[in-house]
Amino acid sequence: MAGTTSDGNLRDSVFGVVDAIWQCPLSEDQWHHTLRLIGQLCASQASMLVVHNCESGASKLIASTGYESAFTNLYDEKYAIENPILTRIVTQPLGAVKTRAMLVDDGEFYDSRFYLEWLKPQGFDDIVAFNIL
């Protein structure tokens, strides 16, 4: 994993992320810091935490890092509903980490408004997603 040079450093990084996650219920603002740690551990350019209500279809952006604020606002207002990953990840078991290719075929994804209008203009090409609750 990126950002680590030994098993000890990796272990410390993972423990740091777990500790940060445990702090999040105390303050929603803690998620920004936690997402940065997760991004560093996974060598991710950007991270986003979105709560999606499966019954109503509504989404709420909780925190993000690595995205320009104009794009996070657009995601919350317009593109969450356009995200082809979101409709498929909610049917996966809790904690199951899925790559975009495991959920949506290339043609559907790269032709979607979500990719063409939101993800691609930011220079991002792919997504990894999982359910945490």
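Predicted model: local features only at pLDDT ≥ 70, side-chain atom pairs only at ≥ 80, totals over all residues.

Colleague: What is the volume of the largest pocket, and which residues lie nearest its centre?

Modeller: The volume of the largest pocket is about 1,700 Å³. Its lining comprises 50 residues, with Met48, Leu49, Val128, Ala129 and Phe130 nearest the centre. Elements that give two or more residues to this lining are helices H1 (7-23), H2 (30-42), H4 (84-89) and H7 (113-119), together with strands E1 (47-52) and E4 (128-129).

Colleague: How do the residues of that lining divide into nonpolar, polar and charged?

Modeller: The lining of the largest pocket has 39 nonpolar residues, eight polar and three charged.

Colleague: Which residues of helix H3 are buried, and which exposed residues does the face turned away from them carry?

Modeller: Burial is judged by relative accessible area, with under 20% counted as buried and over 50% as exposed. In H3 (residues 69-79), the buried residues are Phe71, Thr72, Tyr75 and Tyr79. These four lie on the same side of H3, because the arc they cover around the axis is only 105°. Ser69 and Glu77 are exposed on the face turned away from that buried side.

Colleague: Against which elements do the buried residues of H3 pack?

Modeller: They pack against strands E1 and E2 (59-65) and against H4 and H7.

Methods. Residues numbered from 1 in each chain as written. Heavy atoms only, no water. 1 Å grid on protein atoms, 1.4 Å probe; cavity = no way out; pocket = protein on both sides within 12 Å on 5 of 7 lines; lining within 4 Å. Points joined across faces, edges and corners; volume = space filled by probe spheres on them. Nonpolar A, V, L, I, M, F, W, Y, C, P; charged D, E, K, R; others polar. Buried < 20%, exposed > 50% of the residue type's maximum accessible area, 1.4 Å probe, protein only. Arc of directions from axis to C-beta. Contact = heavy atoms within 4.5 Å.
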